[in-house]
Amino acid sequence: MNKNNYICICFILQNYKIMLKVFLYCVLIIAVCVAFLSVRIILKKNGRFVKTHVSSSKAMRDRGVTCVQSQDYAQRHMTKAVKE
């Protein structure tokens, strides 16, 4: 094995060490973020994620605002009934 091959192998191993370190930091950051997101669910008795869908908001229902998918469904069935 000549000197150039040895330098190349050392360089490759150093790159893998750096990539592994960056990968482990990313995994650590993601784990911390998931832990912070799940604090409310874990600590509350019947903890759940907050529902952010339009149809689950009482204020939006009172204003008559509905989900776009529900509106699309209603319009499609209304036009089919008219065509028949």
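Predicted model: local features only at pLDDT ≥ 70, side-chain atom pairs only at ≥ 80, totals over all residues.
Student: Is R76 buried or exposed?
Tutor: The cut-off for exposed is over 50% relative accessible area. D72, its partner in the salt bridge, has 38%, so D72 is partly exposed. R76 has 52% relative accessibility, so R76 counts as exposed.

Student: How many salt bridges does the count come to?
Tutor: Besides the pair R76 and D72, K58 and D62 meet in a salt bridge at 3.1 Å, N to O. K58 and D62 both lie in helix α3 (residues 58–63), four residues apart, or about one turn of the helix. Both K58 and D62 are exposed. The count of salt bridges comes to two.

Student: Let's zoom out. In what order do the elements of the chain run from the N terminus on?
Tutor: Going from the N terminus on, the order is α-α-α-α.

Student: What share of the chain's residues count as buried?
Tutor: To count as buried, a residue must have under 20% relative accessible area. S38 passes, because its relative accessibility is 18%. Of the 84 residues in the chain, the share that count as buried is 4%.

Student: Which residue has its backbone oxygen 3.2 Å from a polar atom of the side chain of S38?
Tutor: S38 lies in the loop between α1 (3–37) and α2 (39–43). A polar atom of the S38 side chain lies 3.2 Å from a backbone oxygen, and that oxygen belongs to A35.

Student: Which element gives the most to the nonpolar patch?
Tutor: The patch is formed on the surface by Y25, L28, V32, F36, V39, I42 and L43, with about 780 Å² of accessible area together. The elements giving two or more residues to the patch are α1 and α2. V39, for one, is in helix α2, and V39 counts as partly exposed because its relative accessibility is 37%. With four residues, the element that gives the most is α1.

Conventions. Residues numbered from 1 in each chain as written. Heavy atoms only, no water. Buried < 20%, exposed > 50% of the residue type's maximum accessible area, 1.4 Å probe, protein only. Polar contact = N/O pair within 3.5 Å; in protein donor to acceptor, adjacent residues only side chain to side chain. Patch = residues over 30% accessible without salt bridge, like charges linked within 9 Å, V, L, I, M, F, W, Y side chains within 5 Å. Areas by Shrake-Rupley, 256 points an atom, 1.4 Å probe, with all protein chains shown as cover. Salt bridge = Lys/Arg side-chain N within 4 Å of Asp/Glu carboxyl O.
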